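Dear colleague,

I am passing the structure on to you with this email. Please open it alongside the notes below, which go through it region by region.

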Amino acid sequence: MTDYLTVGSRRYRIHTIDAPARLPYSLRIMLENLLRHAAPAEQVRALTGWQPHAGRTAAVDLHPARVFLHDTNGVPVLADLAAMRDAMAALGGDPARVNPAIPAELVVDHSIIADVFGRPDALARNADLEYERNAERYRFLRWGQASLRGFTVVPPGKGIMHQINVEYLARVIMLNGDEAYPDLCLGTDSHTTMVNGLGTLGWGIGGIEAEAAMLGQSVSILVPDVVGVRLHGELPVAATATDLVLTLTELLRDHGVVGKIVEFHGPGVTALPVTDRVTISNMSPEFGSTAALFPIDAETVRYLRFTGRSADHADLVEAYAKAQGLWHEPDASPAYTAELDLDLAAVVPSIAGPRRPQDRIPLEGVKAAFRAQAHLPARARLGDSGQEIGHGAVAVAAITSCTNTSNPSVMVAAGLLAKKAAERGLRAKPWVKTTLSPGSRVVMDYYGAAGLTPYLERLGFTLAGFGCMTCIGASGPLVEEVSKAVAEHDLDVAAVLSGNRNFEGRIQPDVRSNYLASPPLVVAYAIAGTMDLDLTTEPLGTDPSGDPVYLRDLWPAPEEVGAVIEQVIRPEMFARAYADVLDGDRRWQRLDVSSSATYPWDPDSTYVRRAPYLDGMSPEPPPVTDITGARVLVKLGDFITTDHISPAGAILPASTAGRYLTGLGVPRHQLNTYASRRGNHEVMMRGAFANLRLRNQLAPRTEGGLTPNLLDGGTITSVYEAARAYQEAAVPAVVLAGEGYGAGSSRDWAAKGPALLGVRAVIAKSFERIHRANLVGMGILPLQFLPGQGADELGLTGREVISVTGLATPGGAHLPPTVTVTAGAVTFQARLRLDTPREADYYRHGGIMPFVLRGLLAGPSS
């Protein structure tokens with residue numbers, strides 16, 4: 001029902017949420033979305049009649065208010081849209097009809113690499129190198145901004161997308177004329193959930209799903225379970241928001257929230273500032289949840305005002321939330337599928353690692369945990385310096401990532417700890433690569449105002465850039481002598497970073513053990529230089545007088561941190577930082593750009609190529625067929641991440657992708673990263689399953705992208721070369737996997753790469769939400785073993801010939817819930833994970849892109 005809301009002198013049109021009193025906040029936002037878009041009655045009833053413990057079989061079609069992208073996922077999205085314009089023209093349609101129907105906002109933050117560090121010119125040099133490597137990609141983005149309606153680009157050097165979203169872009173309540181509605185934000189990065197801390201519902205989707213949403217398609221999801229987390233109490237003096245989020249990650253992973261929404265409520269929420277809330281919501285993907293919502297309250301409205309949103313808009317957010325039942329009441333008791341309880345007073349200082357964010361280690365147990373997994377006591381001399389390092393040497397210490405650099409309490413704590421350490425004469429160890437890459441320019445403003453910058457620089461934490469950098473593997477090379485020692489002595493060195501992910505092979509190719517920690521602990525470990533130390537009882541070092549200096553001597557009291565925040569952080573800092581956020585520097589402005597309706601592809605480009613997804617596409621979808629005579633491309637274990645499937649880090653010269661690029665004349669020092677090359681399908685195909693730490697059970701005792709070619713007797717070769725051999729022989733490929741396949745980043749290339757290699761199906765014990773949707777979006781069939789079954793349980797070696805039957809249904813009937821898989825002599829049933837009718841439509845069409853393009857071709861002109 002349409003109603004009106006008066007706020008001050010303005011009158012807004014709203015769509016009243018007529019919801020049961022105990023419906024969770026997140027589902028209320030979804031219900032409003034359905035009502036506003038006149039959804040079918042059965043979808044509305046799926047939410048108004050939602051029961052906490054009912055089975056989840058109903059799907060709803062949601063329309064996002066905006067789509068949010070970053071450059072490394074945004075470039076392939078834009079490339080796909082450009083390719084769709086070409087295909088539209090080839091099929092006789094108007095290419096300009098391929099155009100965003102809702103706001104699409106892209107932030108360039110994933111491309112800068114921490115090549116230079118610990119020097120006053122690090123920021124400028126890294127930015128110069130960024131443009132040298134990525135000018136072609138940036139010209140492509142500028143073409144998109146000039147040619148596509150409603151496509152906004154935030155240029156390089158402005159900050160990290162999620163921090164910019166929280167501090168500037170997020171509306172919480174959208175306005176379209178006089179119509180007000182919730183800001184449902186879906187993004188191509190899994191950490192889009194960070195905006196949940198501001199009361200905005202949003203989550204990560206794959207780039208191909210984002211393309212469909214941009215073009216006006218709804219996003220179809222199953223009505224989710226909602227898990228409530230009741231917070232109460234207060235954090236102890238020594239604990240930080242980082243410690244809290246690592247505790248929650250462990251708790252929620254253990255409980256199991258994949259595909260569910262988490263809502264925080266209770267009196268403890270009131271005690272948490274928005275900056276703590278967004279730190280927690282940022283790591284929703286590490287929990288496994290779809291979203292992690294903190295409902296709107298007075299603290300939300302205060303933060304909006306503080307960060308420069310207008311008073312009128314802040315008033316609207318408050319009035320709308322109260323009128324629509326979206327305002328958080330600490331004593332309210334929504335109905336939840338499950339209810340967890342966390343006493344904030346129980347949180348202790350912790351880190352997480354060495355390979356998964358949910359593997360929390362109390363700080364006092366780090367040394368013992370490291371020794372339990374290390375091969376002591378190997379040592380290596382560092383050149384002629386006289387220095388030695390061993391297993392556990394800290395090779396990277398990075399204050400990085402929007403997860404923590406968005407939070408002044410932990411950032412100021414890091415600065416104060418650096419000040420106290422510098423005043424005691426301590427320095428970072430010479431083998432540690434120290435970097436500072438905040439997610440917002442506001443951070444450097446308040447560091448400067450507080451006088452903390454010189455102390456951080458004295459410890460090596462010189463500003464390296466405003467971007468993701470180390471957190472997404474753009475960490476650059478290690479100290480040269482360290483890299484040599486690692487290679488020569490097979491050392492297990494460590495990275496300590498204030499990020500959200502520490503998966504194998506993600507952070508830096510030479511580093512095996514990666515630990516997540518709060519910014520002050522990053523500084524402490526840079527000083528200590530090793531994980532083989534108990535920071536709670538052993539000294540970090542000695543001062544010039546020879547006296548030991550302990551972490552407890554340097555740790556700032558909450559009162560000290562609070563006093564700095566109160567004295568120096570002002571709303572005008574945010575206004576100044578974002579006044580020119582859409583204006584690029586001179587390098588951005590000088591990029592030549594075409595505004596043609598179709599993109600003028602450069603056939604010699606090594607960064608942006610037109611992918612062949614839509615080549616030869618017919619106006620009508622082909623019939624669905626069974627999969628017969630397939631071979632297993634890779635057989636994988638549990639918790640295979642999208643980083644394993646499609647790495648983001650440096651392209652090594654010896655890799656398949658590296659050899660391809662050098663063969664085209666690209667110098668070895670300009671190979672750049674996989675993340676930067678995502679606009680080139682030839683590179684990304686060769687990078688599929690090429691993570692240095694990927695262990696393929698078909699090629700035991702190896703790591704990396706190796707597999708047997710089962711057509712020539714099992715010769716071990718690269719995954720890419722084996723896949724090409726299968727394609728040339730017209731043999732389809734499948735992937736076998738265990739639990740949690742596709743965890744981590746919402747990386748569409750983890751589906752696009754396998755699709756281009758001829759993978760027709762993935763058979764796994766379970767899938768992470770975003771990756772399963774991405775597979776469907778690329779026309780790959782996700783099949784799930786039935787409970788109690790798996791490749792090993794069924795005795796599958798991966799060398800069998802595999803067929804999937806039951807897909808080819810006469811007359812276009814609905815696809816069945818299960819299909820029959822025959823693998824050699826073994827036959828079993830597998831669950832067809834096409835979870836919604838829309839996903840079945842995508843699969844019939846061969847993926848999202850042909851589905852949307854056929855719809856645009858058949859639809860009315862805009």
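Predicted model: local features only at pLDDT ≥ 70, side-chain atom pairs only at ≥ 80, totals over all residues.

Residues are numbered from 1 along each chain as its sequence is written, and side-chain values use heavy atoms, with hydrogens and water left out.

The sheet is an open one of 4 strands in the order E14-E13-E12-E15, with parallel pairing; strands (E, at least two residues) and helices (H or I, at least four) are DSSP runs numbered from the N terminus, and two strands pair if DSSP finds at least two bridges between them. Strand E14 (291-293) and strand E15 (338-343) each have a single partner strand and stand at the edges, so one side of each has no neighbour in the sheet. From one strand to the next the twist averages 20°. Strand E12 (residues 226-232) pairs with E15 in the parallel sense over 6 bridges, and Gly228 stands opposite Glu339 in E15.

Helix H1 (residues 25-36) lies across E12, strand E13 (261-265) and E14, at about 120° to E13, whereas helix H7 (residues 241-255) lies across E12, E13 and E15, at about 150° to E15.

Within strand E12 is Val226, which counts as buried because its relative accessibility is 0%; buried means under 20% relative accessible area, exposed over 50% and partly exposed in between, with a 1.4 Å probe and protein chains only. The C-alpha atoms of Val226 and Ala338 are separated by 7.3 Å, although the two residues are 112 apart along the chain.

In helix H25 (residues 656-663), the buried residues include Thr656, Tyr660 and Leu661, and their cover includes helix H26 (681-687), strand E28 (715-718) and helix H27 (719-728).

Finally, Arg854 is found in helix H31 (residues 848-858). The side chain of Arg854 makes a polar contact with that of His845 at 3.1 Å, a polar contact being a pair of N or O atoms within 3.5 Å, where within protein one must be able to donate a hydrogen and the other to accept it, and residues adjacent in sequence count only if both atoms are side-chain atoms.

Note on methods. Contact = heavy atoms within 4.5 Å. Axes fitted to C-alpha atoms, helices over the stretch in contact; angles between N-to-C directions.
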